[in-house]
Amino acid sequence: MAYMTWFERRVIGRLQVRLGPNRVGIGGLLQPLADALKLFFKEDVRPARADRILFPLAPAISLFAALAAFAVIPFGPTTRIAGVEVPGGIANLQVGLLYLVGISSLGVYGLVLGGWSSGSKYSLIGGLRAAAQVVSYELILGLALVSVALVAGTLSLEGVVGGQANGLPYVILQPVAFLLYLVAAVAETNRAPFDLPEADTELVAGYHTEYGGMRFAMFFIAEYVNVITVSALAATMFFAGWSGPFLPGPHWLFIKMLAFLFLFVWLRATLPRLRYDQLMRLSWSVLLPLALINLLATAVVVAVTR
Amino acid sequence: MNAPTAVFIVLAAVAVVSSLNVILRRNPVHSAIFLALTILCLAGEFVLLNAEFIAATEVIVYAGAIIVLFLFTMMLLDIRGGMRTRQFQNQFGLAAPIAVLLVALLGAAVGAINISGLPAAALSTLQAAQLGSVQNLGQELYSNFLLPFELASLVLTVGLIGAIGLAGHGAEDREEQVRIEEALEFDTKVRAKEGGHLEPEEELVPAGGHHA
C-alpha cells in the first residue's frame with residue numbers, strides 16, 4: 001500500500017518531465033517509510049470546535065471500510081500447500097459482490113462525519129460534496145456491476161472469475177459496463193478529475209482539512225486502499241481476475257491491477273478537475289440513463305440466450 | 001451456549017442499546033450514527049439467518065444511502081442552534097396511545113407466528129442454507145409476492161413524486177423572497193455597524209456569500 005504513494009509520485013514526476021522523490025534510499029524507495037515515521041511523530045491536533053466523539057472516529061471508519069472491502073477479492077485458485085487447502089482469497093462469500101458494494105458504501109461515513117465534526121467550513125463543504133458525489137456515483141457503479149453479474153449468473157467473485165477463465169473476459173461482452181465502472185470508480189475514490197471533496201484550490205483540503213498526523217494518514221491510507229480495491233475489482237470483474245497462462249494466479253491479478261493503478265495516476269496527471277454542476281449532470285443525466293439502458297439490454301439478451 | 005446464539009445475543013444487545021440512543025441523543029448527527037449502527041446489527045442478524053442477500057441489501061440501502069442522505073440534510077441545517085431549543089413538545093397525549101397500539105399490534109403479530117410449525121424447522125442444514133439465497137428470494141418475490149412487491153414500489157413512486165411536487169411548487173418565488181430578506185438583513189447589519197451597535201463577534205457576511 002505505502003508503495004502506491006511512491007509509485008504515484010514517481011510516475012507523475014515522469015509525466016511532468018521531472019524526477020519525483022529519489023533521495024531517500026535507492027530510487028526513493030524508502031520515502032514512504034520516512035513519510036510514515038514523520039506522520040507518527042506529529043502532534044495530535046484537535047480543533048476546539050470539533051465533535052469529541054466523531055472527530056477521532058471518522059478516519060477510523062474510513063480505514064475500516066477500505067480494508068474490509070478488500071477482503072473478498074480473490075487472489076488465485078484454491079491451492080494445496082503441504083497438504084493444507086489454502087483458499088485463493090481472504091473470504092469467499094456467496095454474495096461477495098454485494099458485500100463489497102455494501103462495505104464501500106459505508107466508507108462515505110468517514111468523509112461526511114470527518115467533514116462535519118471538524119467544525120470548519122471548508123471541511124463541511126468537502127463533506128457535503130463527498131456525500132452527494134459518492135451516493136450519486138455508487139448507483140452507476142452498482143448498475144454496471146449488476147450487468148456483469150447478470151452475464152456471469154452469480155454474485156460470488158470466485159464464480160465471476162471462473163466464468164471468464166473458460167470463456168471471454170467480460171470486458172468484451174460488457175464494454176459499456178466497463179466504461180461506466182471505470183468512471184464511477186474514479187469518482188467513488190474521490191480521485192482527480194473527480195476530487196471535488198478535497199479540491200485543494202477551492203477548499204484547502206476538503207473534509208480532512210483539520211486532520212493531522214496519524215489521523216490524516218488514516219484518511220490517506222484509506223484513499224489508496226480504495227484505489228487498489230477498485231483496481232483489483234476491475235481486473236476481477238472485467239479481465240478474468242487471477243486467471244491467465246503460465247504465471248500463477250496472484251501474479252496475474254497483480255499485473256492487471258498495476259495497469260489500472262497506472263491508469264489512475266495517469267488520469268490525475270492529465271485531466272483538470274470537473275466543476276460541481278458538471279459532475280452532477282454527468283452522473284444523473286448521462287451515465288445513469290446509459291447504465292439503465294445497458295442493464296435492460298443485458299437482461300433481455302441473457303433471457304433470450306439462456 | 002453455541003457460537004451463533006452468543007453472536008445473536010451480542011448483536012441484539014448492541015441493537016437495542018443503539019436504537020435507544022437514536023431517540024435519546026440530543027445531537028441529531030449522533031442519533032443518525034446510532035441508527036446506522038442499529039442497521040448494521042440487524043444486517044448481522046440476517047447473516048445468522050442465512051439471509052446474506054437481505055443483509056447486504058439492508059446495508060447498501062439503509063446504511064449506505066438513506067442515512068447518508070439524512071446526514072447530508074442535517075449538515076445543511078444549523079444543528080448547534082437546534083440543540084439549544086426545547087426537545088420535547090406536548091404531544092404525549094397523542095403519542096402514548098399510538099405507541100401502545102403499535103406495541104400491541106407487533107406483539108400480536110409475533111405471537112401469531114407458530115415457529116415450530118414453520119417449514120424451515122423441518123429443513124436440513126443444507127436446505128436451510130439455501131433458503132435465503134438470491135435465487136430463492138427472487139423467485140418468491142416475483143411469483144408468490146408479486147402483488148405486494150409491485151404495490152410497495154408503486155407507493156414509493158407516488159411518495160417520491162408527491163415530495164417533488166410539494167418541494168418544487170413555488171420554490172422560485174420563495175428563493176427570491178429569501179434573497180430579498182437576506183439583502184435587507186445585511187443592509188441593517190451594515191447600518192448597525194456604522195452606528196456602532198454591532199456585536200463584536202458577529203460576522204459580517206454578504207447574503208449568499210458563504211456556503212456557496
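Asn21(B) lies in helix H1 of chain B, which spans residues 3-24; helices (H or I, at least four residues) and strands (E, at least two) are taken as DSSP runs numbered from the N terminus. The model is a predicted one, in which local features need pLDDT of at least 70 and side-chain atom pairs count only at pLDDT 80 or more, whereas totals for chains, interfaces and linings use all residues. Residues are numbered from 1 along each chain as its sequence is written, chains are lettered from A and ligands numbered from 1 in the order in which they are written, and side-chain values use heavy atoms, with hydrogens and water left out.

With a relative accessibility of 18%, Asn21(B) counts as buried, because buried denotes under 20% relative accessible area, exposed over 50%, and partly exposed the range in between (1.4 Å probe, protein chains only). When neighbours within four places in sequence are set aside, Asn21(B) is in contact (heavy atoms within 4.5 Å) with Ser31(B) and Phe34(B). Helix H1 of chain B also holds Ala15(B). Ala15(B) has a relative accessible area of 11% and is therefore buried. Its contacts, again leaving aside neighbours within four places in sequence, are Thr38(B) and Cys41(B). Between Ala15(B) and Leu35(B), which are 20 residues apart along the chain, the C-alpha separation is 9.0 Å.

Phe46(B) belongs to helix H2 of chain B, residues 28-48. Its relative accessible area is 26%, so Phe46(B) is classed as partly exposed. Beyond residues up to four places away in sequence, Phe46(B) touches Ala51(B), Glu52(B), Ile54(B), Ala55(B) and Glu58(B). Phe8(B) lies 38 residues from Phe46(B) in sequence, and the two C-alpha atoms are 9.9 Å apart in space.

Chain B as a whole contains nine helices and zero strands, and its elements follow the pattern α-α-α-α-α-α-α-α-α along the sequence. Of its 212 residues, 17% are buried. Among the contacts in chain B with a separation of 6 or more, 49% are accounted for by residues 24 or more positions apart.

The secondary structure of chain A comprises 12 helices and two strands. From the N terminus, the order of elements is α-α-α-β-β-α-α-α-α-α-α-α-α-α. Chain A has 306 residues, of which 53% count as buried. Contacts between residues at least 6 apart in the sequence of chain A join residues at least 24 apart in 75% of cases. The accessible surface of chain A amounts to about 13,900 Å², and 70% of this area belongs to carbon and sulfur atoms.

The two chains meet at an interface in which 27 residues of chain A are in contact with 26 residues of chain B. The size of an interface is often given as the accessible area lost when the parts come together. Here, chain A and chain B bury about 2,400 Å² between them, 74% of it on carbon and sulfur atoms; buried area is the accessible area (1.4 Å probe) that two parts lose on being put together, summed over both. Zero salt bridges are found across this interface, a salt bridge being a side-chain nitrogen of Lys or Arg within 4 Å of a carboxyl oxygen of Asp or Glu. One residue pair, both at pLDDT 80 or more, is in polar contact across the interface. A polar contact is a pair of N or O atoms within 3.5 Å; within protein, one must be able to donate a hydrogen and the other to accept it, and residues adjacent in sequence count only if both atoms are side-chain atoms.

On the side of chain A that touches chain B, the elements giving two or more residues are helix H4 (96-117) and helix H5 (121-152) of chain A. H4(A) provides the largest share, 11 residues.

Notes: Areas by Shrake-Rupley, 256 points an atom, 1.4 Å probe, with all protein chains shown as cover.
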